[in-house]
Amino acid sequence: QGYRGGIGDKGEMGYTGEMGREGEAGDRGTHGVVGEEGECTETCGADTQDTPTCHCDTHVMVMHSQTKDIPQCPQHWTSLWVGYSFMLIYENGVTMLQDPGKAGSCMETFLPSPFLTCGRDENCGTNFRTEKSVWMAAEPSEKPLGPLKDPSEVEAHVSRCNVCMGSSVVQTVHSFTDDIPLCPRGFEPLWTGYSYLMSVLDDLSLVAPDHTGKAGQGIPTNSPGSCSPKLQTPSFLECLSRGYCSYHTPYSDYWLRSNTSPLSPGHTDMGDLYNIDKPAADRGQSVSRCAVCMKKSSRNGNK
């Protein structure tokens, strides 16, 4: 046997081989760790921006301050927009009340005449004689005010509001007594107040001589709008389509009665509910109390 020869030169690259057979599927992997529960990020104000996605049930309600200050949304609720407390419109014998618990009652912009009337002839315009808008006032009106026309002056007399979005169900309860009711099991109070039913224009002939009777609509008693935080005349600020606004006295308020004796006679002297010289506790004894309640959840910091 001879000696091993030296290492030869490197050969040329060979041809690419054929693809091999597909392998069998591997075993299923284990489940990953469950991530932490996310939170809806907050957007506030009327800026044009996308509302963040929230993989949960969402609910919308409105809060009215009955002052010129913007109310704050409850903790863990998002402000969608803020605005002015819009109550109803009246035109030629027709009224449309906004539920104070719904977003339509919070107008982002204050407009003395926020609507047009369009006829079958396709012409649209305003009727200076009969068109009116009614707004919740920012303070009790103990003395009649003269007509207000300057927008900045009028806005100072209009209640502010906040449209709030949250992941909890909201329910309103009424006691029919002067005691604040307890929230249902599993709910907690957002605010308490007085059971408010509706506002009514007492005499249509004052705004339309060819009309008689009254005009108004009720508020659903399960709506947060039926629980007014303050016992005061809502002091409706009435605005005419020509731009003038003033406090108008021919409006009546309807409240749920505090009836501690269900068999008592129908009519009793309820006293002066709006006399601000009396403590609220004394004035409110004849009006049912209420509470707006939010369902407890882990998202609200409750288990």
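Modeller: Strands β1 and β8 run antiparallel and are joined by 6 bridges, where strands are DSSP runs of E with at least two residues, numbered from the N terminus, and two strands pair if DSSP finds at least two bridges between them. Within this pairing, Val60 stands opposite Met165 of β8. Strand β2 is also joined to β8 by 6 bridges, again in an antiparallel arrangement, and here Gly83 is the residue opposite Cys161. The model is a predicted one, in which local features need pLDDT of at least 70 and side-chain atom pairs count only at pLDDT 80 or more, while totals for chains, interfaces and linings use all residues. Residues are numbered from 1 along each chain as its sequence is written, and side-chain values use heavy atoms, with hydrogens and water left out.

Because 7 of the 7 residues of β8 are buried, the strand is largely enclosed by the rest of the structure; buried means under 20% relative accessible area, exposed over 50% and partly exposed in between, with a 1.4 Å probe and protein chains only. Arg160, Asn162, Cys164 and Gly166 point one way from β8, whereas Cys161, Val163 and Met165 point the other way, and all of them are buried.

Since Cys73 lies in the loop between β1 (59-64) and β2 while Cys164 lies in strand β8 (residues 160-166), the pair ties together parts that are 91 residues apart in sequence. Cys73 counts as buried because its relative accessibility is 18%, and Cys164 is buried with a relative accessible area of 0%.

Cys106 lies in strand β4 (residues 106-107) and Cys161 in β8, so parts 55 residues apart in sequence are tied together. Both Cys106 and Cys161 are buried.

A further disulfide is formed by Cys183 and Cys293, whose sulfur atoms are 2.1 Å apart, and with a torsion of about -85 degrees it is left-handed. Cys183 is in the loop between β9 (170-174) and β10, and Cys293 is in strand β16 (residues 289-295), so this pair ties together parts that are 110 residues apart in sequence.

The loop between β1 and β2 also holds Ser65, which is buried with a relative accessible area of 14%. The side chain of Ser65 reaches the backbone oxygen of Asp69 at 2.7 Å; this is a polar contact, a pair of N or O atoms within 3.5 Å in which, within protein, one must be able to donate a hydrogen and the other to accept it, and residues adjacent in sequence count only if both atoms are side-chain atoms. Leaving aside neighbours within four places in sequence, Ser65 is in contact (heavy atoms within 4.5 Å) with Pro71, Ser159, Arg160 and Lys230.

That leaves the nonpolar packing, where a nonpolar core is a set of buried Ala, Val, Leu, Ile, Met, Phe, Trp, Tyr and Cys residues joined through side-chain atoms within 4.5 Å. The largest such core has 13 residues, of which Phe110, Trp135, Val154, Val158, Leu237 and Cys245 touch the most other members. Strands β2 (78-91), β13 (237-240) and β14 (245-247) are the elements that give two or more residues to this core, and its largest share, 3 residues, comes from β2. Apart from it lies another core, of 12 residues, among them Leu88, Val134, Phe236 and Val287.

Val287 is in turn one of the residues touched by Ser195, together with His174, Ser226, Trp255, Leu256, Ser288, Arg289 and Cys290, not counting residues up to four places away in sequence. Ser195 belongs to strand β10 (residues 187-201) and counts as buried because its relative accessibility is 0%. Its side chain makes a polar contact with the side chain of His174 at 2.7 Å, and a polar atom of the Ser195 side chain lies 3.4 Å from the backbone oxygen of Arg289.

Definitions and conventions: Helix = DSSP H or I, 4+ residues; strand = E, 2+ residues; numbered from the N terminus. Disulfide = S-S within 2.5 Å.
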